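Colleague: I am new to this model and would like to learn how to read its features one by one. Please begin with charges and rings.

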Amino acid sequence: MEFAEKIKQAIDKPIFRQLSDVAEEEGVPCYVVGGYVRDIILNRPSKDIDVVVVGSGIAVAERYAKKLGKGAHLAVFRNFGTAQVKYRGMEVEFVGARKESYSRNSRKPVVEDGTLEDDQNRRDFTINDIAASLNRDSFGEVLDPFGGFDDIKSKTIRTPLDPDITFSDDPLRMMRAIRFATQLQFDIAPQTFRAIARNCKRISIISGERIIDEINKIMKSKYPSIGFRLLDESGLLELILPELSALKGVDNVEGKGHKDNFFHTLTVLDNVALKSDNLWLRWAALMHDIGKPVVKRYDNKNGWTFHNHNYMGAKMIHRIFKKLRLPLGEEMKYVKKLVDLHMRPIVLAEDIVTDSAIRRLLFDAGVDIEDLMLLCEADITSRNREKVARFRENFGIVRQKLKEIEEKDRIREFQPPVSGEEVMEVFGLSPSRPVGDIKEAIKEAILDGIIPNEYEPAYNYMIKVAAEMGLKPVKGS
Ligand code: ATP
Ligand code: MG
């Protein structure tokens, strides 16, 4: 179907007809514009409708909310000259057509009333710049002054005006370009991309919160690697996340190289993304080798090594998350843990797996064991098919063992079978070091398989350990 026809049909719905009535009553030109129109053509679901009014957006919004009646919720932002109506899960944003002029040091433009053309000139990309009329006489007629339809057809991100001006005016648009290229799997037009590279340093005037918003949208895409390659090629990555750029490149000593850890990381990230929507598991994938450049060594005997890069990486997470304005609570703890543990299942898969090694892995990974296994499998990116096949087979064995041992010993959500209170009561102790030592000894014995994870054996073991420490049960307990 022709794009124009598709848009006409898509907006032939009560909520748009009611908007049309309101536009007539107010006597002002109204258009639906931007992401909503783009997403109709791309068959993407969207709940945000942007409406441009050549006149007062607020007045139209107020009248619209009144017309919808009960269930409509109106919010007016006088400072910005915008208003929002929420109705049955939809959000309609109203803005007066505006003309913007920027000064060099701020993202905040001077805003004046303008025409529809002015408004279309200030938008970021041609694909976001298609307007459809809501007025009765011209309902559904499309205004596409910059070739947005053609760019959707050819899957191209392009600025409507000179890209140097578009990006310099609002450098956040550079992040948006890369984010859309990733989400939609579109290409950035060469001229537009070169302008991003030329203007990348201007990203410094954008707040961390806005940058991380775009990065997380990249992360949530089907193939996040697209975005990180573009960030890298444009020079933005080096400015935003230098620790990740540092993974790039291959050093050679005496003809021996190592793999490029940046591209390896991106493959791992895509592998994880194919298996899981969990944003934080994806962050763990992006961060899993972040410690490598710091600990990289070469010596004649071992060649290239990255000893303890998992531990070093885990240590770096807090600083990186803080700088990027990422949450520092449970999410960060989870990423840290996975980065720290990401070598463990691989080591198990290489060796003969003992039950106690499996129990220790279950204990350390806890409820995140399944995510850790996913990450670890995604980490196998070798091009050597035999090696990959061998790993996969061994991984299967590790998984099977994890299942058996968990069923038997319940280590994943480990609770001490004998509580601290009971230890204190039995030996007449107050909270003190020996109580912790006894509990620790019981836990170790369970992980080593000396006793099963059950109350009776744990109790008897406690008596034995305590006796070795010179403690006897007090009478009556
Ligand atoms: P999504 O909702 O998926 O993030 P979108 O294109 O709808 O994508 P919004 O941030 O909702 O993005 O913005 C709506 C419209 O406003 C865009 O389609 C675009 O026309 C315009 N726009 C948004 N941000 C900018 C910007 N920084 N510079 C220029 N125009 C912008
Ligand atoms: Mg939107």
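Modeller: A charge is said to sit over a ring if NZ of Lys or CZ of Arg is within 6 Å of the ring centre and within 35 degrees of the ring normal. Here Lys292 lies over the face of Phe306, at 4.8 Å from the ring centre, and the charged end of Arg179 sits over the ring of Phe180, 4.3 Å from its centre. This is a predicted model, in which local features need pLDDT of at least 70 and side-chain atom pairs pLDDT 80 or more, while totals for chains, interfaces and linings use all residues. Residues are numbered from 1 along each chain as its sequence is written, chains are lettered from A and ligands numbered from 1 in the order written, and side-chain values use heavy atoms, without hydrogens and water.

Colleague: How many aromatic pairs does the structure hold?

Modeller: A pair of aromatic rings is described by the distance of the centres and the angle of the planes. Rings of Phe, Tyr and Trp (its six-membered ring) pair if their centres lie within 6.5 Å, and planes under 30 degrees apart count as stacked, over 60 as edge-to-face and the rest as tilted. The structure holds 10 such pairs. One of them joins Phe3 and Phe149 edge-to-face, at 5.3 Å centre to centre and with 70 degrees between the planes. Because Phe3 belongs to helix α1 (residues 3-10) and Phe149 to helix α6 (residues 148-153), this pair ties together parts that are 146 residues apart in sequence; helices (H or I, at least four residues) and strands (E, at least two) are DSSP runs, numbered from the N terminus.

Colleague: Are Phe3 and Phe149 buried or exposed?

Modeller: Both Phe3 and Phe149 are buried, where buried means under 20% relative accessible area, exposed over 50% and partly exposed in between (1.4 Å probe, protein chains only). Phe125 and Phe180 also form an edge-to-face pair, with 6.1 Å centre to centre and 80 degrees between the planes. That pair links distant parts of the chain, 55 residues apart, with Phe125 in the loop between α5 (116-121) and β8 (131-133) and Phe180 in helix α8 (residues 172-184). Phe125 and Phe180 are both buried as well. Elsewhere, ring pairs link Trp280, Trp283 and Phe321 into a cluster.

Colleague: Which domains does the assignment give?

Modeller: Domain bounds come from an automatic or database domain assignment, and for this protein the assignment gives domain 1 (3-154) and domain 2 (420-468). The centres of domain 1 and domain 2, taken over C-alpha atoms, are separated by 68 Å.
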